[in-house]
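Please read the following briefing alongside the sequence and the coordinates.

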Amino acid sequence: MKFFIDTANLEQIKEAQALGILDGVTTNPSLMAKEGISGNDNVMNHYKTICEIVDGDVSAEVIATDYQGMIEEGEYLASLHPQIVVKIPMIKDGIKAIKYFSSKGIKTNCTLVFSSGQALLAAKAGATYVSPFIGRLDDISTEGMRLIEDIRLIYDNYAYDTQILAASVRHTMHIIQCAEVGADVMTGPLSAILGLLKHPLTDNGLAQFLADHAKVNS
Ligand code: E4P
C-alpha cells in the first residue's frame, strides 16, 4: 500500500519524506488555507515546492466546478510539475473533465467520493485515483471502511486500473484497516503514520536491552 501524507504543511511533508516511506502528498483547498497559503501565485509556488520535496504524486485540487473551468485550471496545474495529479470533485462536470484528462494522459484524483456508485463512475471515466473519504463517513455513523471493501470488490470484478486512495484517514487504526481491506493508497496525517511506530513492549524491551548492556559495559 502506498503512503501519502494529507497536508500542505512543508515541515510535516519533509519529516514524512525523511522517514523514507512516503509515496506522495494530497492537498485540498482547506489544507492550503490552514497553512495560510493564499493568492494564485503563492498557491502554485507551494505546489511546486511540495513536488521538489517528495518523489511521488502530488494532488492539487481545482477550484472551478464547471467543465471548461476545470479543464483550464487542471491543464495549468498539470503543467506546473510532472508529479502533479489534478484533483477533481465527484460532480457531473467533474466526470467529464476526468474523461478528458484521461484521454490526454494527465493523472487525476476524483475527490469527495462517498459511495461505491460514485467510485464506479470515476473508474469508468478513467480516473487514476478515486478518493473515498473514510473519516467523514465515520463522522456520520456510517462505516467508512466498508466503502473501501465495496469499491475493492467492484474494481477487482472488472480489473479497473483506478487506484483506491483511502482519504480522510484520521488515525493509525484506519491505516491498518486500509491495508487489511486492500486499499491501493492511504492518505493521512503525519500523526497517524507515526502512530504505526508505537508499541509499549517495543519501548520497554529497548529500555531493558540498553539497561542490561550498561550493567556489564560501564
Ligand atoms: C483527501 O484527499 C482529503 O484531502 C482529506 O483526506 C480529507 O480529510 P478530512 O476529512 O480529515 O478533512
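The points below are grouped by topic, after a note on conventions.

This is a predicted model, in which local features need pLDDT of at least 70 and side-chain atom pairs count only at pLDDT 80 or more, while totals for chains, interfaces and linings use all residues. Residues are numbered from 1 along each chain as its sequence is written, and side-chain values use heavy atoms, with hydrogens and water left out.

**Ligand surroundings**
- Around the ligand (a heavy atom within 4 Å) stand Asp6, Thr26, Asn28, Leu31, Lys87, Phe133, Arg136, Ala167, Ser168 and Arg170.
- This shell divides into three nonpolar, three polar and four charged residues, where Asp, Glu, Lys and Arg count as charged, Ala, Val, Leu, Ile, Met, Phe, Trp, Tyr, Cys and Pro as nonpolar, and the others, Gly among them, as polar.

**Contacts and cover**
- Polar side-chain atoms lie 2.7 Å from a ligand oxygen atom for Lys87 and 2.6 Å for Arg136, and an N or O atom in the side chain of Arg170 is 3.0 Å from an oxygen atom of the ligand.
- Of the 340 Å² of accessible area that the ligand has on its own (Shrake-Rupley method, 1.4 Å probe), the protein covers 86%.

**Cysteines**
- The count of disulfides (pairs of cysteine sulfur atoms within 2.5 Å) comes to zero.
- Cys110 is in no disulfide, and the nearest cysteine sulfur, that of Cys178, is 17 Å away.
- Cys110 has a relative accessible area of 0% and is therefore buried (under 20%, with a 1.4 Å probe and protein chains only), and Cys51, at 2%, also counts as buried.

How values were computed. Buried means under 20% relative accessible area, exposed over 50%, partly exposed in between (1.4 Å probe, protein chains only). A polar contact is a pair of N or O atoms within 3.5 Å; within protein, one must be able to donate a hydrogen and the other to accept it, and residues adjacent in sequence count only if both atoms are side-chain atoms.
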